[in-house]
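I have kept to what can be read from the coordinates.

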Amino acid sequence: MSTRDLVLAALFAAIIVVLGLLPPIAIGFIPVPITAQSLGVMLAGVVLGAKRGTVAVLLVLLLVAIGLPVLSGGRGGLAAFAAPTSGFLIGWVFAAFVTGYLSERLISRSQTGLVQGAGFFLAALTGGVVVLYAFGITYLALITGLGFKQAFLGSLAFVPGDVLKAFVAALAGRAVMVGYPLLPQRA
Amino acid sequence: MDIRFEEASASFEGRVALHPLTLSLSERRIGVIGLNGSGKTTFARMINGLVKPSEGRVIVNGIDTAADAERVRAQVGFIFQNPQNQIILPILKEDIALGLKAQKLSKEAMDAAVAAILSRFGIPHLAERRAHELSGGELQLAALASVLVTRPPILILDEPTNQLDLKNRDLVERTIATLDEHVIVISHDLPLVADFDRVLLFDQGRLVADGTPGEVMARYRELAA
Amino acid sequence: MNTLYVEGNSLLHRLSARVKLLALALTGIALIFIISPFALAIAALAAGLLYASLRIGWRQSWLRLRPVFLTIFVVAVFAFFVSSAHEAATTLFRLTTLMLLAAAATATTTIGDFIDEITLAARPLERIGLVKAADIGLSVGLVIRFVPEVMTRYRAIREAHAARGLKPRPLTLAVPLIILTLKSADEIAAAIDARGIRGQN
């Protein structure tokens, strides 16, 4: 990894930490307040791509593991990995990777803004919602013995907030690409 | 000090930042001036191998910067424009010790070297402080300490007084005057280089004047007018 | 940034980070195979006593453990209604045990010890060219170094919104925050390279 890539990943990890310090926002039609931190995970993928985005998220989890209270709500330490919802935390790594990988494949500079935005939304939705929930729900089902169906139903309340975040991530991904393009493009 | 540019040029993505330049530098205090985008920062970055010549060669104390950037960097310390981005670990003394890691010193020797460089710049009281709490002047001194702790014989400073208030600017000027190292200062702050041994003026990627501060600054004023 | 480490000289403080991490991992695996709520309750009690022996204090402990404990509790209540009391009890005690042990390891291990241990664990990965072990400590330091700078930048962007009478929105906050922050990467990377901190490149 080049020094620049390393620094970009570390700076993005710092951004994800700062997003976790911001108070959660309540939005009318969504049943649970939403935090900006998991938005940061999708943003890491859409802005930095698969490799650097994954490293950024790994760095945040590393900070958590070594005892820094950097998760939203001041959570941190190894205990954060002992919650029934820790699958969502571990899933962040794969969410950032898939979001980044799809962004690299789907988006190219020659596309129109609308196509790019749709590509970013699809990438963030697949990585940040489908993949993330696959990890989170599987872990929840196995660790608690709730079973998949109940674990799925129990997690549903959070889906609208995360779809909304995928939408924000898509718009932000496009805006950053216009202002300061960093995403490696393979398409 | 012996820095030689042999027909060295630099281009980025087809745009020429520095036209082929042949020049040799050995004075103790050298100023580099020019308008924004004149190529002076590229010139400075070529001296420590951060920018490698697209054509030609740059030789620093007998070492080719393209062949062995690591050895060149041991010879040439570099202070960047924004000291904020120069301190990379949270606690100042940890940051300064970082540059020494490659030398595989004992813990005692490392602590002693860190303490020595902090007192050299009059900032031993900042050792345990967090980088983001330091003022602009303190950060600039800290950046000097972090770079000079590995004892490079040559030091390049890119706009060292750019973001400082008058008091801190004077502090940095006085500090530069006391340095034993060979110093190359890139600056818009003309008084800073007014008593230097030699001043270079760049314009549109070319060296357009080279001589005593008086002559070169007169030329710079014509150019800017 | 404050850490969750607590100064002290207990047995746990003196144990090496490696022993604590291995013990934690093994206990975690063992707990999955214990299905008797009674045995798990005893395990939770033992973990609670171990945690209490660190003398962190009720208030501080509650602050630290509350967020994780609440999720465990909510899921246990959910399990009680949709599944069975047996399921609810095993979940509650199993995860509470794990949480207490993990929190105890965190409270008794310094960041430096953790990083040394992780760096050591990364050596084999370095040999196959996957990572540079020394980069781990450097990157962790970089993140901690730049969190306050990013926070300062975030406040400045909010103020800029207020000064122009704009309502802060996630998008108009996040985009300038990302661009301004990442733009400093070039200079930070150049500073690292110029100081020869990562060796050859």
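**Notes on the chains and their contacts**

1. Chain A and chain B are joined by no contact, and their closest C-alpha atoms lie 10 Å apart. This is a predicted model, and that separation should be read as a property of the prediction. Of the 2 pairs of chains in contact, it is chains A and C that share the most contacts.

2. The contact between these two chains draws on 60 residues from chain C and 54 residues from chain A. The area buried between chain C and chain A comes to about 4800 Å², and carbon and sulfur atoms give 83% of that area. On the side of chain C, the residues that lose the most area to chain A are C:Val143, C:Ile178 and C:Leu182, which together make up 13% of what that side buries.

3. In a salt bridge, the side chains of C:Asp186 and A:Arg4 meet at 2.5 Å, N to O. Across the interface of chain C and chain A there are also 9 residue pairs in polar contact, with both residues at pLDDT 80 or more. Several helices of chain C each supply at least two residues of the side that touches chain A, among them helix H2 (17-33), helix H4 (58-82), helix H8 (170-183) and helix H9 (185-194). The largest share of that side, 13 residues, comes from H7(C).

4. Within chain A, helix H4 (residues 113-144) deserves a look: this helix has 32 residues and reaches 44 Å from its first C-alpha to its last, which is close to the 46 Å expected at 1.5 Å a residue.

5. In chain B, B:Leu148 has its place in helix H5 (residues 136-148). Is B:Leu148 buried or exposed? B:Leu148 counts as buried, because its relative accessibility is 2%, where the cut-off for buried is under 20%. Leaving aside residues up to four places away in sequence, B:Leu148 touches B:Ile117, B:Arg120, B:Phe121, B:Leu155, B:Leu179 and B:Glu181. B:Pro160 stands 12 residues from B:Leu148 in sequence, and the two are 15 Å apart in space, C-alpha to C-alpha.

Note on methods. Residues numbered from 1 in each chain as written. Chains lettered and ligands numbered in written order. Predicted model: local features only at pLDDT ≥ 70, side-chain atom pairs only at ≥ 80, totals over all residues. Heavy atoms only, no water. Helix = DSSP H or I, 4+ residues; strand = E, 2+ residues; numbered from the N terminus. Buried < 20%, exposed > 50% of the residue type's maximum accessible area, 1.4 Å probe, protein only. Contact = heavy atoms within 4.5 Å. Expected span 1.5 Å × (residues − 1). Buried area = accessible area lost by both parts, 1.4 Å probe. Salt bridge = Lys/Arg side-chain N within 4 Å of Asp/Glu carboxyl O. Polar contact = N/O pair within 3.5 Å; in protein donor to acceptor, adjacent residues only side chain to side chain.
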